[in-house]
Amino acid sequence: MDQAAKRATWNQRYAIDDYIFGKEPSDILVRHQHILRPGETALAIADGEGRNATYLAELGMQVTSFDFSETAIAKAKMLNAERGVSVNILQSDIESWAWTPNTYDAVIGIFFQFLDPVARSVVFAGMAETLKPGGCVFLRGYTPLQLEYKTGGPSEVENLYTPDLLRAAFPGFELIHLSDQITMLNEGPRHKGMSAFVDFIARKPT
Ligand SMILES: C[S@@+](CC[C@H](N)C(=O)[O-])C[C@H]1O[C@@H](n2cnc3c(N)ncnc32)[C@H](O)[C@@H]1O
């Protein structure tokens, strides 16, 4: 499937009134909000309907986010308006995003497992580069066990994460949090039920 067809598929998924991943942020952010400081800068990648970027803005951060789906972005803007916050939301394909060096205090990637290992390693390198020294990367993604639960995520096992894969992707970073879990998720109609995923937070060396 080419990029235009993939974007059309996501636009179609998002074309309902309901927020398909809910309006509440991923709880990796809520549980670790002490690392997310008011006034600091954050980038939320492939942020869909904006639940995570909106939360970061509610914490008082200066937030940029992007996604390639214009339908998702329209809903993200509505969520911002509903919550009275402002986020710099851009439309971009992840593969053409310009990873400006040393720009953000936090870079957030929640369930963006549409990339094969080669494209993913380019994105992980970009996330590392765009963090300021001392900034933190936040990742949540399904593990191969998720293929048994079938409650969300891709079917390509090579797109899924393991703790070792994530540690290796950010060499030299200080590990802040790593958990491999099987937990009940209830994040809108598309992320519901027992789910196997890994959370990873690490700090770029100063
Ligand atoms: C599983 S959803 C997760 C959305 C959001 N991170 C969240 O946690 O609610 C994956 C998102 O990736 C976006 N996406 C897929 N392929 C993309 C690409 N090549 N470039 C940018 N965004 C993409 C989709 O539009 C979708 O919003």
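Author: The account below starts at the ligand and then follows the elements and residues connected with it.

The model is a predicted one, in which local features require pLDDT of at least 70 and side-chain atom pairs count only at pLDDT 80 or more, while totals for chains, interfaces and linings use all residues. Residue numbers start from 1 along each chain as its sequence is written.

The shell around the ligand consists of 20 residues, of which F21, A46, G48, F68 and I94 come nearest; a residue is near the ligand if its C-beta atom, placed from the backbone, lies within 6 Å of it. Helices (H or I, at least four residues) and strands (E, at least two) are DSSP runs, numbered from the N terminus. Sorted by class, the shell holds 10 nonpolar, 4 polar and 6 charged residues. Here Ala, Val, Leu, Ile, Met, Phe, Trp, Tyr, Cys and Pro count as nonpolar, Asp, Glu, Lys and Arg as charged, and the others, Gly among them, as polar.

A46 counts as buried because it has 25 C-beta neighbours inside 10 Å; a residue is buried if 20 or more other C-beta atoms, placed from the backbone, lie within 10 Å of its own, exposed if 12 or fewer, and partly exposed in between.

Which residues of α3 are buried? They are R51, N52, A53, T54, Y55, L56 and A57, and with 7 of its 8 residues buried the helix is mostly covered. These buried residues pack against α2 (27-31), β1 (41-45), β2 (62-67), α4 and β4 (104-110), where two residues are in contact if their C-beta atoms, placed from the backbone, lie within 7 Å. After α3 comes G60, with a positive phi near 95°.

One of these residues, L56, also belongs to the largest nonpolar core, which has 45 residues; L56, A42, V107, I108, V137 and F138 touch the most other members. Such a core is a set of buried Ala, Val, Leu, Ile, Met, Phe, Trp, Tyr and Cys residues joined through C-beta atoms within 7 Å. Strand β5 (residues 131-142) provides its largest share, 6 residues. Apart from neighbours within four places in sequence, V107 is in contact with L43, I45, M127, T130, L131 and V137.

The other helix of the shell, α1, meets helix α4 (residues 70-83): their axes come within 7 Å and cross at roughly 40°. The axes are lines fitted to C-alpha atoms, for helices over the stretch in contact, and angles run from 0 to 180 degrees between N-to-C directions.
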